[in-house]
Amino acid sequence: MKKQSYGMKWLSVEVVVILVGLLFLAPFYFVLTNSFKGFAELLVDTSGLPKSLSWDNYARAWEVLNFPRAFLNSLLITLFSALCMVVAASMAAYRLLRHPSRINRVLFSLFVAAMVVPFQAIMIPLVQVGNWLQFLNSIPGIIFCYTGLGVSFSIFLYHGFMKSIPLEVEEAAVMDGCNPYGIFWRIVFPLLKPMTITVIVLQSLWMWNDFLLPLLVLQKPELQTIQLATNTLFGQYLKQWDLALAALVMGIVPILTFFLVLQKHVIQGITAGAVKG
Amino acid sequence: MKRWLTSQPMQQSVFLGPALLVYAIIMMLPFLLGIYYSFSDWNGVSSQINGVGLQNYKTILTDDPDFGRSLWFTARFTVTVVLLSNVIGFLIAYVLSKPLKSRNVLRTIFFMPNVLGGLLLGFIWQFIFTRSFSAIGQATDIGFFNLFWLGTENTAFWGLVIVSVWQGAGYLMVIYIAGLTNVPSDLMEAAAIDGASGLQVLRHIVLPLIMPAVTICLFLSISWAFKSFDLNFSLTQGGPYKSTESVAMNIYFEAFKSNRYGLGTAKAVIFFVIVTIITMIQVSITKKKEVEM
Amino acid sequence: MRKWLTVISAIMLTGSLLAGCGGKEPGTGTSSNKQPAGKEVTIKIMNFKVEIAEQFNKLKEEYEKEHPGVKLQIDTLLGGDDYNTQLKARFASGEMPDIFANEGYNQMDAWLEYLEDLSDQPWIEHEVDIAKEPTLRDGKVYGMPVGLEGLGFLYNKDLFAQAGITELPKTLSELEAAAQKLQAAGIEPFVNHFDTWFGLGFHNLNNAFAKQPDPNAFIQGLNDGTASIAGNAIFQDWTKMFDVVIKYGNKNALTTDYNTQSTLFATGKAAMNQGGNWLQPVIDKLNPEMNVGILPMPINEDGDLNDRLFVGPANNWVIYKDSPVKEEAKEFLNWLVSSETGQTYLTKEFKFIPAFTNIKAEPADLGDIGAGVLEYIEQGKVLGWHWSKYPNGAAPEFGASMQKYVSGKIDAAAMLSEFQSAWDKMKSRK
């Protein structure tokens, strides 16, 4: 990178981008400030700063939601679903791309087509299937569901990205006597790292925030995720926004940390990734 | 390594097997069941499922202006959101792939809107539109803020677009950044040395090279916008006068609130066919433009 | 906990092993969560009200103490609005509760074949008449009302006094006069939230159905085509009341949401809003000191017809016909409304207005609004809730037409004819 390239031009660009960024951040002002207000203060004076910096909402939300348990459930579900998706989707995309037989082209279209099916349209049959195959009301069961629901999108992402990985690398590996599975896991998969991280980040986010699937599939209180637990604060007529916002902040922090940690790797991918070949 | 293990059928099932299995059970089977129900008058719980042939489809095509209206809303919404969120998402990604000092923080900031979801997203934005905007409007007298936000068809439409773009741009940014990491920087530097302007580099070098990312992002944003449900549900409830009711909402209400599961799934099938055709066209167009490195 | 580990590791192993050679297909997650069979029986109850979840758990302890061998499992459904969706999911998953809630009327159609006939239950003789209709089908009773709720205009007693309103309005002209007085005193008369179809299509429009000389005959007439909304005098009167509410209400009603409305009302920024005793907990949180009452919603000058609140059962308990513990479930429901403990919980903890004549509620326990509703019930000045008799899907259409009317896109005649066509369209849809 040339040092002198950061001059006035980039400085002004940077200032503009920072301003736009602040604009993007504005709604979080409401989230954060209101999470410290009592119910009445929150609804009466939503835009002001909280009168006092009380952690009361957080303490209560922590307790009411049984936050540690909900957090652990959400974490297990999100983490393992993302891993399953990565494994299943990267392999599938590799095969679909490197072996584009007629049947594989059809399969790829099928996977892609699934991305446009609204979840609301399949949710009742899904629960029926879940009942037949007994994957309801368990953490592995919902991981299985998420893998199935998310695998299409993950395949789609990998498929698009893999095209830029040069074949020569694999050909060289064949010469070295690697079997197809070894080639994939030892050579190709490491090259996919930027996309793998992208898949993990995007899918985790969706699952972390998802409400409808856990609502249908996890019917036992001890399996509640953060999203489900937060919804116990919403009655038909009385919605406890004060606690819900505190719960929201507590739920955001882990996923944001996750993103912060991983996005550095997206950038490291520049050097480790496909470009090398 | 045994020969049979590396045979093509074995490779096919090892590589594709897991994905195909979960996909078949979680997506395909329920969807096929749904198609089956779409030919019935099932209400969602009854033990009686009577076949009604194509009656549901006929009802939708001949006697359901609401479905048509939600389809039209969804189409307009999709086009607008797809264009805006991709342009903005790409621009942010492009700028943030430059050596800006604060780019790591900024990436996180632009991504942050995605961590808000569900009812709370609607709650926050409803407040911003109906109260903060009018407060800013009174203070500054800028017409934009004095509009009757969410109260008219137009402002409700654009309100949804604004929130969707606000969320979507940062999401697409992540994929564009992943795509941009594939553009060799020496290529861009070489072009710059040859005297190409920034815009020329963008158009003739960067864009062709990140076409895979563009394909992904376009498709992705199309599929979301088409399926849009949560935001409409929490921000406008489809109002005013159902003008912002998305197809997914229309299906949900028909199937669950009105207890017409058969009719609801028939809508889903019709919608699926329409969206599949559109996305197939889109994918085949952008695919042609992709450049292999 | 061990189970998920095996499944996950199976899936992960598939991935990692393959790097070497060979592999397996991932197993599907399996688990079964059946109750262990023993002497003890468990009644699974699906609570419909998040607000009373805590109290319900206390009730459970009391009941289990009094009834050894019987366990209650209280499941509170989330989100409030999606009770039916979740119930359908439970049903599809083969986990039907033994006791659940149903609103009755056409909401009962789908479930009817699964409901236990409760006609022989002892509590029926004490049930107030207005609560019976929703779950009555072919002469059989299928549900037990959980409690009554009353709908009308909530009003701020202090603001009314401040504006010099001494006589509560009982007719439309009196209502308008009160609104004018409030306006003259610098008080916003109404705060409306017209952002959703719910309060409009259900609660507001119910007025016009309930005040028909025979609402059921009228609705029957709409269904068989002998009656019509468009030319109906009561509907036309109702539009005049709607006009008053709009004219003397907040200008941005279409963008005012439920939160904003409740806040404005509870903090004294407006004197009246449409609502019912279900708003009491919200008001208690926002402004516990508030002096609030409930008024009828007059549509014309008929004093007797208009001095009535709209009262109906908030919901009804029903029993799953194929439940293995349905006798125990019946016993529990009976205990709830006949034992002293059960009755105390209903009125003091759940704060329900009792739907049974043998349960005495203290006005102080119910809060201001509930006490007001109770008074109307005791005087018999009540009309029914009819929105569950609309054809499925009609209420959102009504709400949408009313929103158009509020925004000035259509006139009253067009609104009524849109109601008519929405009714006709939805009734024919099977």
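Mentor: Happy to; let's start with chain B, where the C-alpha centres of domain 1 and domain 2 lie 31 Å apart. Domain 1 of chain B covers residues 1-38 and domain 2 of chain B covers 55-289, with bounds that come from an automatic or database domain assignment.

Before going further, a word on the ground rules. This is a predicted model, where local features need pLDDT of at least 70 and side-chain atom pairs count only at pLDDT 80 or more, while totals for chains, interfaces and linings use all residues. Residues are numbered from 1 along each chain as its sequence is written, and chains are lettered from A and ligands numbered from 1 in the order in which they are written.

Back to the two domains of chain B: 4 residues of domain 1 are in contact with 7 residues of domain 2 (contact is when C-beta atoms, placed from the backbone, lie within 7 Å). The domain 1 side of that contact divides into 2 nonpolar, 2 polar and no charged residues (nonpolar being Ala, Val, Leu, Ile, Met, Phe, Trp, Tyr, Cys and Pro, charged being Asp, Glu, Lys and Arg, and polar being the others, Gly among them).

Next, the annotation. An unreviewed UniProt entry marks "transmembrane region" on chain B at residues 20-39, 71-96, 108-128, 156-178, 205-226 and 268-285; its positions are given in the numbering used here, the feature names are shortened, and annotations may be inferred rather than shown by experiment. In the model, residues 20-39 of chain B are 95% helix and 0% strand, with the end C-alpha atoms 27 Å apart (helices, H or I with at least four residues, and strands, E with at least two, are DSSP runs numbered from the N terminus). Residues 71-96 of chain B are 100% helix and 0% strand, and their end C-alpha atoms lie 36 Å apart.

Now for the partner chain. The contact between the two takes 78 residues from chain B and 81 residues from chain A. Seven helices of chain B, namely H1 (8-38), H4 (103-111), H5 (118-140), H7 (153-180), H10 (211-227), H12 (247-257) and H13 (261-289), each supply at least two residues of the side that touches chain A. H1(B) gives the most to this side, with 17 residues. By class, the chain B side has 53 nonpolar, 19 polar and 6 charged residues.

What does H1(B) meet? One of the helices is H7(A), whose axis comes within 8 Å of that of H1(B) and crosses at roughly 115 degrees (axes are lines fitted to C-alpha atoms, for helices over the stretch in contact, and angles run from 0 to 180 degrees between N-to-C directions). H7(A) and H1(B) are therefore roughly perpendicular to each other (angles under 35 degrees count as roughly parallel, over 145 as roughly antiparallel, 65 to 115 as roughly perpendicular and the rest as oblique). H7(A) passes H1(B) in a left-handed crossing (left-handed if the near helix is turned anticlockwise from the far one by less than a right angle, right-handed if clockwise). From H7(A), the contact uses A:Phe144, A:Cys145, A:Thr147, A:Gly148, A:Leu149, A:Val151, A:Ser152 and A:Ile155, and from H1(B) it uses B:Ala19, B:Val22, B:Tyr23, B:Ile25, B:Ile26 and B:Met27. These residues divide into 11 nonpolar, 3 polar and no charged.

H7(A) also has a neighbour within chain A. H7 (residues 139-162) and H10 (residues 193-209) of chain A pack at an angle of about 150 degrees, with their axes 10 Å apart. That makes H7(A) roughly antiparallel to H10(A). H7(A) passes H10(A) in a right-handed crossing. The contact is built from A:Tyr146, A:Gly150, A:Ser154, A:Leu157, A:Tyr158 and A:Phe161 of H7(A), together with A:Met195, A:Thr198, A:Val199, A:Gln203 and A:Met207 of H10(A). By class, this contact has 7 nonpolar, 4 polar and no charged residues.

Finally, the setting of H7(A). Chain A has 13 helices and 0 strands, and its C-alpha trace spans about 70 × 65 × 30 Å along its principal axes. From an unreviewed entry, UniProt places "transmembrane region" at residues 12-32, 70-94, 106-127, 139-162, 183-208 and 243-262 of chain A. Residues 12-32 of chain A are 100% helix and 0% strand, with end C-alpha atoms 30 Å apart.
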